[in-house]
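Hello,

Here is the structure I promised to hand over. My notes follow below it.

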Amino acid sequence: MKYADLSINDKHIISEHYDDVYFDMDNGLDETKHVFLDRNGIPSILKEKNEFTIVETGFGTGLNFLALLNEYEIEKLNTTINYYSVEKYPIEKGELKKVLKVWEDLKFKDELASIYPSKNGMHKIKMHKNITLHLYIGELNDFLPLLESGVDCWFLDGFAPDKNPDMWSDTLFKKMSEITHPKGTFSSFTAAGVVKQGLRKHGFFVKRYPGFGNKRHMIGGFLDDKL
Ligand SMILES: C[S@@+](CC[C@H](N)C(=O)[O-])C[C@H]1O[C@@H](n2cnc3c(N)ncnc32)[C@H](O)[C@@H]1O
C-alpha cells in the first residue's frame, strides 16, 4: 500500500501521482452535490426505498460520501445505505483531517479521518446506524469481482480518463451492466467519449448535462432494459 501523494494550495487539493484535482476548495462540496447527488436524484429517491446500494469508483477524500451523510441527516432519512468504494492510494489520517477542515458543515468528517483505513483489502465500517461504508483499499480491478447484484447507483469519480485511463475500462462498464438494478442510475463529472461509448455499449442510456461552474459538461443516465 502507498499513501496518496497530495499537494495542497489555497485553491485545490491535487494528486501528484495523477496530476489531477480531488476538489476545488471554494466550491468542491457544491460540485459534489451537483454531479453526484442531484444527478442521481439523491436525497429524494432515498425516501422511496428501504435499502439503497451505491458504488463509487475512487474514494479519495471521502467528500462524496460525507456529502451524502449530510443530506441523510438533514432530510432525517431511515433508508439503509450500503456504500461501496475503492481507493488505491488512501490518504494518511492526519492529512485527511487537514484537507477536510475546509468543509465546516460536514458532520462526519472527523470520524472519517479517524477511521480511514490504510491496509489493503475490504473494510466494513458502520458510520451511522443505517449506513455502512464498505471501503476496499486496493486496485479497482480487484474490487469489481467482489461486488454483487443489486446496485442502485454509481458515482463514477476516478480522475479524468486522459490522466487515468485504467479507471475507465470495458471491465468496469461490463460489470456495471451485470450488477445494476434495472433503471439503476449513474453519474460522472467527465463527459469523455470513451466513458459515454463504454457505458452505451453495455446497455446504459447516457445523457450529457451542464457541468458544474465553468465545466461545460457532465454525464448521467440509467441502465436501460429496452436497449
Ligand atoms: C477524483 S479522486 C476521487 C474523489 C473522491 N470521490 C472524493 O470525494 O474525494 C479519484 C480517486 O480514485 C483513486 N484511483 C484512481 N485509480 C484507481 C484504481 N485503478 N483503483 C483504485 N482507486 C483508484 C485515486 O487514488 C483517487 O483517490
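Eight strands build an open, mixed sheet in the order β6-β7-β5-β4-β8-β9-β11-β10. Strands are DSSP runs of E with at least two residues, helices are runs of H or I with at least four, and both are numbered from the N terminus. Two strands pair if DSSP finds at least two bridges between them. β6 (121–128) and β10 (204–210) are the edge strands; each has a single partner strand, so one side of each lacks a neighbour in the sheet. From one strand to the next, the twist averages 20°. Angles run from 0 to 180 degrees between N-to-C directions, with axes as lines fitted to C-alpha atoms, for helices over the stretch in contact.

Two housekeeping points. The model is predicted: local features need pLDDT of at least 70, side-chain atom pairs count only at pLDDT 80 or more, and totals for chains, interfaces and linings use all residues. Residues are numbered from 1 along each chain as its sequence is written.

Now the β9/β11 pair. β9 (residues 180–188) and β11 (residues 217–223) run antiparallel and are joined by four bridges. S187 sits opposite G220 of β11. G220 counts as buried because it has 21 C-beta neighbours inside 10 Å. The cut-offs are 20 or more other C-beta atoms within 10 Å for buried, 12 or fewer for exposed, and partly exposed in between, with C-beta atoms placed from the backbone. Leaving out residues up to four places away in sequence, G220 touches R39, T185, F186, S187, K207 and Y209. Contact means C-beta atoms, placed from the backbone, within 7 Å.

Helix α6 (residues 170–179) lies across β4 (51–57), β8 (151–156), β9, β10 and β11, at about 140° to β9. Helix α7 (residues 193–201) also packs on the sheet, where it touches β9, β10 and β11. The direction of α7 makes about 150° with that of β10.

There is another open sheet, with three strands in the order β1-β2-β3 and antiparallel pairing.

Last, the ligand. Of the 23 residues around it, G58, G60, T61, L63 and K88 come nearest. A residue is near if its C-beta atom, placed from the backbone, lies within 6 Å. β3 (20–24), α2 (63–74) and β5 (80–87) each give the shell at least two residues.

Best wishes

How values were computed:
Two residues are in contact if their C-beta atoms, placed from the backbone, lie within 7 Å.
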